[in-house]
Amino acid sequence: MATEKLIQLANERECSGCGACVNVCPTGSIIMRPVDDSLHLYPSITETTCIKCGKCMTTCPVLTIKYRESPRPTQHYYCAWNKSLDQRRLSTSGGVGSAIVNEALNRGYYVAGVKFDDHWHVEHVVTNDVIIANQFRGSKYLQSDTSTIYKKIKHMIYGGEKVLFVGTPCQIDAVKSVVPKADDKLLTCGIICHGVNAPVVWSDFVEYLQNKKHGVLKSYNFRSKKKGWGKLYIDYEMTNGKQYTEPAWKNLFHVWFGQHYMMRESCFHCAYRKEERYSDLVIGDFWGIEKVLPQLETKDGASVLITTTEQGQQFVDNLDCLELIRVDAKKTPTVLKGFLAKKGNEVKLNTQLESMHRFAAHYHSKTFAEMAKLYPCPTRWDLLVASLKHHIGKKR
């Protein structure tokens, strides 16, 4: 008699929530559910319908560590921005993502990206409709719902379609695991990720904001350029026509994001947080551009664009809608460096993890209004003290 296979998925510390296991389960026995000690969702198996096939385990990027087995890529770095000033200004950084998406649509690709639904839930969808694809524009500091996206892409690619997938590094690894024989029909574009925040907190924040402003949220920009690129401002509009622009330090959700209170635990020791990347393309803000190209005017945004494969390079070589300046990779390390505690600083990392767990414990036992008082936005005095400590620390 054959021994029954033991099904054991990635633990809470390592699970990125990529959703690969959900997409490959042939009986639909895996769904993402909340757990008591976290604000995030984790895969849960319904034992009565699970057939113990093991596909979830052989597909899970954490368990199969495909990213460690891949050869180090030859990467080419560019400073890039969209030639369309309107698209550049509407985007978070240089409008490179919009240019890549629009060009992919023109070349007959379907595009999978992230947008908000009518209830402000963030979801991954695949489309060849430019109107829907325009909603992918702009940063969304949340974990997207990927519960069906990879299997949809697999069906499309194996049916002969081409797909551009845009997502976080762990989601890139997931789609490559679910669609292992895509050849050149799958083009991947990874974003330089600063960690994903809990959708449940975002949903509660939207409700809190609507009650506070006595209206229904119509639009929300996590990174406004009204004060220029690199200036951390948020702007949003209510259906009653009232518009608001505020610095990030006055925005509760952004403050909690900055303190890493709402991150997944896996983000604190992300396996993908390293210089070599395995998506065909990589995009993000080009922080530190003033040290590389000091004469460049960047008030409307500047992006880093990295090609890591021949397929990615060929796509960029024919991208006429972008301005590209080749830069030395050795001079651009700041765009890919860690977003949490620096490597080796275990004390700081453990302190941030403790704060995250404490925040989650409080969140489960208090109302959002109580959390707003317990974890408030800083005052100007708080900012001054923090700035002084930072400068003193740099001199030591």
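The dialogue below takes up the cores, a helix, the salt bridges and a loop residue.

Tutor: One caution before we start. This is a predicted model.

Student: Understood. Which residues have the most contacts inside the largest nonpolar core?

Tutor: General idea first. In soluble globular proteins, nonpolar side chains tend to be buried together. Here the largest nonpolar core has 42 residues. Val201, Trp202, Tyr220, Trp256 and Phe359 have the most contacts inside it. Several elements each supply at least two residues of this core, among them strand E4 (109-116), helix H10 (199-213), strand E8 (217-224) and helix H15 (346-365). H15 gives the largest share, six residues.

Student: Take Phe359. Is it buried or exposed?

Tutor: Use the cut-off: under 20% relative accessible area is buried. Phe359 is at 0%, so it counts as buried. It lies in helix H15. Leaving out residues up to four places away in sequence, Phe359 touches Leu39, Trp256, Tyr261, Met262, Met371 and Tyr375.

Student: How far apart are Phe359 and Leu319 in sequence and in space?

Tutor: They are 40 residues apart in sequence. In space they are 45 Å apart, C-alpha to C-alpha.

Student: Now H15 itself. How do I read a helix like that?

Tutor: Check the span, then the faces. H15 has 20 residues and reaches 29 Å from its first C-alpha to its last. That is close to the 28 Å expected at 1.5 Å a residue.

Student: Which residues of H15 are buried?

Tutor: Leu349, Gln352, Leu353, Ser355, Met356, Phe359, Ala360 and Tyr363. Look down the axis of H15: these buried residues fall within an arc of 160°, so they line one face of the helix. Val347, Glu354 and Ser365 are exposed on the other side of H15.

Student: What do the buried residues of H15 pack against?

Tutor: They pack against H10, H11, H12 and H16.

Student: On to charges. How many salt bridges does a search of the whole structure find?

Tutor: The general idea: side chains of opposite charge can pair when their charged atoms come close. The search finds seven salt bridges here. Start with Asp300 and Arg89, whose closest N and O atoms are 3.2 Å apart. This pair links distant parts of the chain, 211 residues apart. Asp300 sits in the loop between helix H13 (289-292) and strand E12 (303-307). Arg89 sits in helix H5 (residues 85-90).

Student: How accessible are Asp300 and Arg89?

Tutor: Asp300 is buried, with a relative accessible area of 14%. Arg89 is at 45%, so it counts as partly exposed. Arg89 and Asp300 are also linked with Lys299 in a network of salt bridges.

Student: Which side chain does Glu237 meet in a salt bridge?

Tutor: That of Lys218, at 4.0 Å, N to O. Glu237 is in strand E9 and Lys218 in strand E8, so the pair ties together parts that are 19 residues apart in sequence. Glu237 counts as buried at 18% relative accessibility. Lys218 counts as exposed at 53%.

Student: And Arg223: what does it form a salt bridge with?

Tutor: With Asp285, the closest N and O atoms being 2.9 Å apart. Arg223 lies in strand E8 and Asp285 in strand E11 (residues 281-285), so parts 62 residues apart in sequence are tied together. Both Arg223 and Asp285 are buried.

Student: How many residues of helix H6 are buried?

Tutor: Count buried residues against helix length. In H6 (residues 96-106), nine of the 11 are buried, so the helix is largely enclosed by the rest of the structure. Its buried residues include Val96, Ile100, Asn102, Glu103 and Leu105. Just after H6, Gly108 takes a positive phi of about 90°.

Student: Last one. Where does Ser91 lie, and what does its side chain reach?

Tutor: Ser91 lies in the loop between H5 and H6. It is buried, with a relative accessible area of 7%. Its side chain reaches the backbone oxygen of Gln87 at 2.7 Å. Not counting residues up to four places away in sequence, Ser91 touches Ser98, Arg137 and Lys225.

Technical notes. Residues are numbered from 1 along each chain as its sequence is written. This is a predicted model: local features need pLDDT of at least 70, side-chain atom pairs count only at pLDDT 80 or more; totals for chains, interfaces and linings use all residues. Side-chain values use heavy atoms; hydrogens and water are left out. A nonpolar core is a set of buried Ala, Val, Leu, Ile, Met, Phe, Trp, Tyr and Cys residues joined through side-chain atoms within 4.5 Å. Buried means under 20% relative accessible area, exposed over 50%, partly exposed in between (1.4 Å probe, protein chains only). Helices (H or I, at least four residues) and strands (E, at least two) are DSSP runs, numbered from the N terminus. The expected span of a helix is 1.5 Å times one less than its number of residues. The arc is that of the directions from the helix axis to the C-beta atoms. Contact means heavy atoms within 4.5 Å. A polar contact is a pair of N or O atoms within 3.5 Å; within protein, one must be able to donate a hydrogen and the other to accept it, and residues adjacent in sequence count only if both atoms are side-chain atoms.
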